[in-house]
Amino acid sequence: MRTGTLRHKVEIQELIETQDAIGNQMYEWAKVGEAWAAIEPLKGEEYFAAATVQAKVSHRVTMRPPGVEITPVNRIVFGSRTLEIESVINVEERSRELQLLCVEKL
């Protein structure tokens, strides 16, 4: 993976549970990390191949591991866009490159 391809600064968020002043449980997204990433919309046969494994996968996000564990519970925020993670792939199981298959939420 070439560093120059990682040109998008993204925020990694996690859904956390909090309580309000009267004890009601609330859920909100909190930032757990940032990373530089390559964001690619899937096209043609890539989209259909990904869709057979994961429903409605629309983007592939490639990044170096950001120092926090990334799972499908997390999401990626890029500017005003939100990408929900469907699958996390540790390329070659070397912990040097992650590929996230995501769905963009409108």
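This note sets out points on the fold, the strand pairing and the charged residues of a predicted model.

1. Overall make-up. The protein contains 1 helix and 6 strands. Read from the N terminus, the order of elements is β-β-α-β-β-β-β. Of the 106 residues, 33% are buried. The accessible surface is about 6,900 Å², and carbon and sulfur atoms account for 50% of that area. Where contacts join residues at least 6 apart in sequence, 49% of them are between residues at least 24 apart.

2. Pairing of β1 with β2. Strand β1 (residues 8–19) and strand β2 (residues 25–41) run antiparallel and are joined by 12 bridges. Within this pair, Glu11 is placed opposite Glu34 of β2. The hairpin has 5 residues between the two strands, and Gly23 in this hairpin adopts a positive phi near 95°.

3. Pairing of β1 with β4. Strand β1 also pairs in antiparallel fashion with strand β4 (residues 75–78), through 3 bridges. Here Gln13 faces Arg75 of β4, and the side chains of Arg75 and Gln13 make a polar contact at 2.7 Å.

4. Salt bridges around Glu34. The model has 5 salt bridges in total. One of them joins Glu34 to Lys9, at 3.6 Å from N to O. Because Glu34 belongs to strand β2 and Lys9 to strand β1, this pair ties together parts 25 residues apart in sequence. Glu34 also forms a salt bridge with Lys31, with the closest N and O atoms 2.9 Å apart. Each of these residues counts as partly exposed: Glu34 at 39% relative accessibility, Lys9 at 41% and Lys31 at 47%.

5. Arg81 and Glu104 form a salt bridge whose closest N and O atoms are 2.8 Å apart. The pair links distant parts of the chain, with Arg81 in strand β5 (residues 81–90) and Glu104 in strand β6 (residues 98–105), 23 residues apart. Arg81 is partly exposed at 32% relative accessible area, and Glu104 is likewise partly exposed at 24%. Elsewhere, salt bridges with shared partners join Lys9, Lys31 and Glu34 into one network.

Key: Residues numbered from 1 in each chain as written. Predicted model: local features only at pLDDT ≥ 70, side-chain atom pairs only at ≥ 80, totals over all residues. Heavy atoms only, no water. Pairing = 2+ DSSP bridges. Helix = DSSP H or I, 4+ residues; strand = E, 2+ residues; numbered from the N terminus. Buried < 20%, exposed > 50% of the residue type's maximum accessible area, 1.4 Å probe, protein only. Contact = heavy atoms within 4.5 Å. Areas by Shrake-Rupley, 256 points an atom, 1.4 Å probe, with all protein chains shown as cover. Polar contact = N/O pair within 3.5 Å; in protein donor to acceptor, adjacent residues only side chain to side chain. Salt bridge = Lys/Arg side-chain N within 4 Å of Asp/Glu carboxyl O.
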